[in-house]
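Hi everyone, thanks for coming.

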Amino acid sequence: MDTKIIFSIVFLLFINLSLIQAQPAAFDITKFGATSDGKADASKAIMDAWKEACAAAGSSKILIPAGTFLAGIVNVTGPCKGAIEVEVQGTVQAPPDLGGDAWFSFSHINQFTLSGKGTLDGQGEVAWKGESCDKDPKCKKNPMNIRFNYLNQSLVRDITSLNSKRFHVTVLGCDNFTFEGFTVTAPEDSDNTNGIHIGRSKGVTISNTKIGTGGDCISIGDGAQNLKVTKVTCGPGHGISIGSLGKYENEEPVSGINVADCTLKSTTNGVRIKTWPALFPNSASNIHFQDINMENVSNPIIIDQVYCPWDKCNKKEPSKVKISDVSFKNIKGTSATALAVQLICSSGIPCEKVELTDIDLTYSGPQGPAKSECIDVKPIITGKMIPEGCK
């Protein structure tokens, strides 16, 4: 046989073998005892599959196949020996009466992916009817759908979080974390069901994501650094919010927040920064909202440094949170309230370097036309400014 032909055959065999070896090891939860009858608890099967996948050399994948699975608390942790992916093809449902802090928890993992066209259904309808824990400290604690703790170089892609009992997703202490094509769905009256909450994390990106819920679509807590939000559709919900800040001692600064090319529809707030009066110091800086489309949004642009839900705080003392280097650029659309632009800063530490550029917000209700209000801040205004004011 010709030497060139032999070489070609060997080369092709080598390529095919390399491709086989490159495929991640697969761990189907049905092989660990899970059944898709929507009745038997699959949580142990999921965690058993995780143990084997995490211990496997090289990359590995846990598969939740098509069908409906019931699962209680799933709490898994790393570090793992290689990159690890959980692919959800079917629907996983939480028991309606499930309690605790989080339904699914992923902690201390590098190179983690949560993917698939499937759904994590928190079945939160019963929980929403109870008393909010913010109002009643003795209330039963309801779990969020997914908690990510201390993950690096990780990705959530395509999956849907449905009807969480509390926050849908919390990202804490993570670095280089991406949400792409993620969907959050819950009704407008689902209390305290923020879509994605980010705290003490760096390098988080949220893009091509659709969030409709009963809390903030995206809430940005203390310690968030270098966050990028693009092409997000929000509504219903309470908008895209930084804060609230200043409620607790030893909070970490927020900086490097960029929100661009997003659409908000019929939300109770648009783009917002909120801090508590009195209480504790912190800072929020280098924050930029740009190319935002508002459709029938209440409070489209708002800085609220007297944030005080349920009147359980001291409004007589100013906020101790310093806000600086903030811009609102090319924000257009319709306001559901007459006060379309409201910047209420701290009388103790007034906002600095706040810029309004090419703002075009209209209101057609009985209290019209649209108005703006600025307290303890002198914004830099360039380009179009509708509504007028705040000079």
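So, which residues do ring pairs link into a cluster? The members are Trp50, Trp103, Phe104, Phe106, Phe112, Phe148, Phe177, Phe179 and Phe182. Keep in mind that this is a predicted model.

The count of aromatic pairs comes to 13. Take tryptophan 50 with phenylalanine 112: their rings sit 6.1 Å apart, centre to centre, with 55 degrees between the planes, and that makes the pair tilted. What I like here is the link along the chain. Tryptophan 50 belongs to helix H2, residues 43–55, while phenylalanine 112 is in strand S9, residues 112–115, so the pair ties together distant parts of the chain, 62 residues apart. Both tryptophan 50 and phenylalanine 112 are buried.

Another tilted pair is phenylalanine 179 with phenylalanine 182, at 5.5 Å between centres and 40 degrees between planes. Why do we call these two buried? Because buried means under 20% relative accessible area, and phenylalanine 179 has 0%, while phenylalanine 182 has 1%.

Searching the whole structure turns up one cavity of 30 Å³ or more, and the largest cavity holds about 70 Å³. By class, the lining has twelve nonpolar residues, no polar ones and no charged ones.

That's my tour, thanks.

Note on methods: Residues numbered from 1 in each chain as written. Predicted model: local features only at pLDDT ≥ 70, side-chain atom pairs only at ≥ 80, totals over all residues. Heavy atoms only, no water. Phe/Tyr/Trp six-rings, centres within 6.5 Å; stacked < 30°, edge-to-face > 60°. Helix = DSSP H or I, 4+ residues; strand = E, 2+ residues; numbered from the N terminus. Buried < 20%, exposed > 50% of the residue type's maximum accessible area, 1.4 Å probe, protein only. 1 Å grid on protein atoms, 1.4 Å probe; cavity = no way out; pocket = protein on both sides within 12 Å on 5 of 7 lines; lining within 4 Å. Points joined across faces, edges and corners; volume = space filled by probe spheres on them. Nonpolar A, V, L, I, M, F, W, Y, C, P; charged D, E, K, R; others polar.
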